[in-house]
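Me: I am new to this structure and would like to learn how to read its aromatic rings. Could you take me through them slowly?

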Amino acid sequence: MALVGPQQGIGGAGGESPRATRERWLNLRTSCAPVDRAAGEAAIEHAYRCAGRKAPTAIVWSDGPVDLQRQRLTARWPGANCRTAIVDAAFAKAMDAVRGAVPLARRIPIESAISFDAETRSTDLSVSEAVQQAVAAVLPNPVAWLRALTGRLRFRSQRQIGYFLADTMAPGERFSGLAVLDHYRASLGLIAETEAASGLIALAQAVGWCAPHADVCWAAERHQRFVTDATGRLHSADGPALAYADGTKCHFWKGLAVPAWIIERPDLITVQAINREGSAQLRRVLIDVMTPERYIQASGARRVAEDSSGVLWRTTWWNSDVWAAVEVENGTPEPDGRRRHYFLQVPPDLQTPTEAVAWTYGLSPRRYALLTQRT
């Protein structure tokens, strides 16, 4: 068993630094490059061997997650699903071996430098949830399938629609931990300790969605479009933020999954449409897309307070949901001498414009007042 001591360099002899490993895996998450199918098939077979399984008799490729699921539902019995052995057990075995070989004091700085932040993990979860919804929305009604199919196939169709995520490996899944194992393996020489996950590491880098069964493994191409905002949230104002070659399209606004029409047909967003919307989250997205300024001008929102920081506007809807925005003036004049006004959505319980502006900076009104006095 190799033992990594604190005297060894943070990047290992000749290896990349932990931050470089992190960036490489982060870039892999968002990559839209076509899959190298030969490399993908080799990675699949390697992952099966690492899990103590025989290679599948067939590897079936698809253009995306919905296409993958359609193929699974119409295929003959592919053998038991073995995601747990290939993904979960392999990962746990390698991680346990590394923890036994590397002192905690040594692991902490390495893993802290590689581990993904909460926003990244949240985005990966959003991808999985959006794809699950796309699978459920596009595939035939399970009741119709239950009437048409018999025996084992009938049970399988119902189960696979309900448990798509439990039976598949999603792109980005366990990437933070796999990046850590990849670094220990490639840069610190822990070959034996990470061998159980070596196939999983290769698989994660080689394919998009993957559904491993005993006899058949389905694999899908990566997404063709993956768009985020500056904070890493899925977001696109001019089309789907996430899209696959099989036609799967998922629209997001600042990290929130939204109906396609909000992004594709913003001209349909009216005050009436906003007022009818029952979801408070979607209502705020609609206002954001329309822009708070236009909504305030068209909706008759109430001017509830004004002070040196700006103007506070508020609207209350039929279901007692309350919305607020603060109107502020840009401190720097435009070339023509006029000062541009900005409208920022803020929590509805704030009482003054100063309190609202302070909230946008993450400060209390008192701290904000001290800051403005100094400047």
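Predicted model: local features only at pLDDT ≥ 70, side-chain atom pairs only at ≥ 80, totals over all residues.

Me: How is a pair of aromatic rings described, and how many aromatic pairs does a search of the whole structure find?

Reply: A pair of aromatic rings is described by the distance of the centres and the angle of the planes. Rings of Phe, Tyr and Trp (its six-membered ring) pair if their centres lie within 6.5 Å, and planes under 30 degrees apart count as stacked, over 60 as edge-to-face and the rest as tilted. The search of the whole structure finds four such pairs. In one of them, the ring centres of Y295 and W317 are 6.4 Å apart with planes at 45 degrees, so this pair is tilted.

Me: Which other ring pairs with Y295, and at what angle?

Reply: The rings of Y295 and W323 have centres 5.4 Å apart and planes at 85 degrees, so they are edge-to-face. Y295, W317 and W323 form one aromatic cluster.

Me: Are Y295 and W323 buried or exposed?

Reply: Buried means under 20% relative accessible area, exposed over 50%, and partly exposed in between (1.4 Å probe, protein chains only). Both Y295 and W323 are buried, and W317 is buried as well.

Terms used:
Residues numbered from 1 in each chain as written. Heavy atoms only, no water.
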